[in-house]
Amino acid sequence: MCPYHSSFCRWQEPLLEAMVLGLGPLLLVFMLGLVVTPPTLAQDNSRYKHFLTQHYDAKPKGRNDRYCESMMERRELTSPCKDTNTFIHGNKGNIKAICGNRNGNPHGENLRISKSPFQVTTCKHAGGSPRPPCRYRATAGFRHIVIACENGLPVHFDESFFHL
């Protein structure tokens, strides 16, 4: 029941109906955007988290063979024994900055190289069985790193080397 004069309500109903019908497609597109966008962002975020799990250790405790063996096991990189893995030490923000111009330059196809060296520990499988227990040799140093980025986030570690 309309609380106003009946002729006012009869005039408003078609206008309200037209507004709702006109906004319907726009509302549908907006709702679809909400449904489609989060999985894409979540996928980017999960690739970045995977990168961090495999290659990031802010403050290492020792950087020797024992460090490699414990980190490789802790990060679940030993079933089978991963041949080589590099851990980057330091600040996540500086690693992310390689994906932009602040700390990175293009390198090859779709890769970025750091402008500044990072403290890294490279763990190499010492040979033997590819099944645990895995034995690793550590090489510690400062290296320029090469990574792949997606949507401004590092998602793949490619290599590290002394910059000549």
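This is a predicted model: local features need pLDDT of at least 70, side-chain atom pairs count only at pLDDT 80 or more; totals for chains, interfaces and linings use all residues.
## Helix H2

Helix H2 spans residues 65-74. Its buried residues are Tyr67, Cys68, Met71 and Met72. Viewed down the helix axis, these fall within an arc of 120°, so they line one face of H2. That buried set packs against E1, E4 and E5. The other side of H2 carries Arg66, Glu73 and Arg74, which are exposed.

The N-terminal end of H2 is capped by Asn64. A side-chain oxygen of Asn64 sits 3.2 Å from the backbone nitrogen of Arg66. After the helix comes Glu76, with a positive phi near 60°.

Strand E1 covers residues 84-89. Five of its six residues are buried, so E1 is largely enclosed by the rest of the structure. E1 runs antiparallel to strand E4 (residues 118-125), and six bridges join the two. At one of these positions, Ile88 has Val120 of E4 as its bridge partner.

How many aromatic pairs does the whole structure hold? A search finds one. Tyr67 and Phe87 make that pair, in an edge-to-face arrangement. Tyr67 belongs to helix H2 and Phe87 to strand E1, so the pair ties together parts 20 residues apart in sequence. Tyr67 and Phe87 are both buried.

Strand E5 takes in residues 136-150. E5 pairs with E4 over eight bridges, in the antiparallel sense. Within that pairing, Lys124 has Arg137 of E5 as its bridge partner.

E5 also pairs with E3, again antiparallel, through two bridges. Here Arg112 stands opposite Ile147 of E5.

## Ser114

Ser114 is found in strand E3, which covers residues 111-114. Is Ser114 buried or exposed? Its relative accessibility is 4%, so Ser114 counts as buried. The cut-off for buried is under 20%.

The Ser114 side chain reaches the backbone oxygen of Ser116 at 2.9 Å. Leaving aside residues up to four places away in sequence, Ser114 touches Ile98, Asn103, Gly104, His144 and Ile145.

## Disulfide Cys68-Cys123

The structure holds three disulfides. One of them joins Cys68 and Cys123, with the sulfur atoms 2.1 Å apart. The angle about the S-S bond is -80°, and the link is left-handed.

Cys68 is buried, with a relative accessible area of 0%. Cys123 is buried too, also at 0%. Cys68 is also one of the buried residues of H2.

## Disulfide Cys81-Cys134

Cys81 is joined to Cys134, with an S to S distance of 2.0 Å. The torsion about this S-S bond is about -85°, so the disulfide is left-handed. Where do its two ends lie? Cys81 is in the loop between H2 and E1, and Cys134 is in the loop between E4 and E5. The pair links distant parts of the chain, 53 residues apart.

Cys81 counts as buried, at 9% relative accessibility. Cys134 is buried as well, with a relative accessible area of 7%.

## Disulfide Cys99-Cys149

Cys99 and Cys149 form a disulfide with their sulfur atoms 2.1 Å apart. With -80° about the S-S bond, this link is left-handed. Cys99 sits in the loop between helix H3 (92-96) and strand E2 (104-107), while Cys149 is in strand E5, so the pair ties together parts 50 residues apart in sequence.

Cys99 is buried, with a relative accessible area of 17%. Cys149 is at 22% relative accessibility, so Cys149 counts as partly exposed.

Key: Residues are numbered from 1 along each chain as its sequence is written. Side-chain values use heavy atoms; hydrogens and water are left out. Buried means under 20% relative accessible area, exposed over 50%, partly exposed in between (1.4 Å probe, protein chains only). Helices (H or I, at least four residues) and strands (E, at least two) are DSSP runs, numbered from the N terminus. Two strands pair if DSSP finds at least two bridges between them. Rings of Phe, Tyr and Trp (its six-membered ring) pair if their centres lie within 6.5 Å; planes under 30 degrees apart count as stacked, over 60 as edge-to-face and the rest as tilted. A polar contact is a pair of N or O atoms within 3.5 Å; within protein, one must be able to donate a hydrogen and the other to accept it, and residues adjacent in sequence count only if both atoms are side-chain atoms. Contact means heavy atoms within 4.5 Å. A disulfide is a pair of cysteine sulfur atoms within 2.5 Å. The arc is that of the directions from the helix axis to the C-beta atoms.
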